[in-house]
Amino acid sequence: MLRVSGLFAGYDGGTVLHDVDLEVAAGRVQALVGRNGAGKSTLVHAIAGLLRPYRGVVSVDGRDLAGRPAHRVARAGVGLVPQGRRVFPRLTVAEHLSLAASVRRPDATRSGPNWTVPGVLELLPRLAERLRHRGNQLSGGEQQMLAIARALLTQPRVLLLDEPGEGLAPELAARVREVITGLATAGLSVLLVEQQLQHAVEVADRIAVLDYGRLVFADSTAAVRANPAPVEAVLSVAGTAIPDRTGSVPSGQESTPIGSGSARSVPTGGTKRPALFPDPSEEDAPSSTPSSASPSSSAP
Ligand SMILES: Nc1ncnc2c1ncn2[C@@H]1O[C@H](COP(=O)(O)OP(=O)(O)OP(=O)(O)O)[C@@H](O)[C@H]1O
């Protein structure tokens, strides 16, 4: 379990995160949404040890990691899929994977999933076809899969993903969400930074909203589906128009300027249910968890 408590962090003495509390249980996906500049990446970096918090607790399975350097945090079981993927342009896929596999955390074999190179290639078969390609020869989707594979090979118990669908074609972003669901099913605690609420609710068990560095909302995805207005109100202040599943912004849900005082949570047109979420009876059946997501199928 990942636990963040009373976390303050920022840059050069300025405070970005104010008293943030968050818990992500094993096997769960916690989505973190918020408008641009709300502090989502700052929180991810503070958890991952890339940014030293001013104060507060960051713990994994009860072990306090706040202020530890990134390599120590990684060895304690926190995997990071950073925003922008950050693959090495000149290393091949195979080299990325063998490098990641060489920095396994020391107790990795004693508990939790045991990810191997064959195991991640089974989960992400596109990478198997690209083993000799360099990072700069991969598509955005392939780079994202590589970033996920690299993180898994460090044998994380907690996986942090910072906007993994950013810049991907819709079908690839959907595949990434499918993989994330499978990873949670395999027992990981997943913290997912997601720009679009519509996508967050597809994959997360819980939704938290960060605004001006403060956690202003946290509840189950079911509760958000039932009443998205509080979350939408925070997001709409940023002028972030959330598209529906077809990718278009529903009529009446255009973004609201800061200070206008009206959230766009309920579209005009008289429907009670905001168009962001389809009626549950109209939704597609949930996709089954890919069996290949289980690392138990990994070769030793
Ligand atoms: N390295 C840095 N040095 C100084 N300030 C920073 C740095 N990184 C981020 N900030 C500032 O911290 C605040 C939060 O930024 P952060 O990147 O965490 O937001 P975010 O919610 O992830 O935004 P986005 O959705 O655009 O990625 C912003 O005001 C940003 O300008």
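Trainee: Which residues does L192 touch, not counting those up to four places away in sequence, and what makes two residues count as in contact?

Mentor: Two residues are in contact if their C-beta atoms, placed from the backbone, lie within 7 Å. By that criterion L192 touches V29, Q30, A31, L32, L161, I180, V203 and A204. This is a predicted model, in which local features need pLDDT of at least 70, side-chain atom pairs count only at pLDDT 80 or more, and totals for chains, interfaces and linings use all residues. Residues are numbered from 1 along each chain as its sequence is written.

Trainee: What makes a set of residues a nonpolar core?

Mentor: Its members are buried Ala, Val, Leu, Ile, Met, Phe, Trp, Tyr and Cys residues joined through C-beta atoms within 7 Å. The largest such core has 78 residues, and L192 and I180 are among those with the most contacts inside it. Helix α6 (residues 140-152) gives the most to this core, with seven residues.

Trainee: Why is helix α1 called largely enclosed by the rest of the structure?

Mentor: A residue is buried if 20 or more other C-beta atoms lie within 10 Å of its own, exposed if 12 or fewer, and partly exposed in between. Helices (H or I, at least four residues) and strands (E, at least two) are DSSP runs, numbered from the N terminus. Eight of the nine residues of α1 (residues 40-48) are buried, so the helix is largely enclosed; K40, T42 and L43 are among the buried ones.
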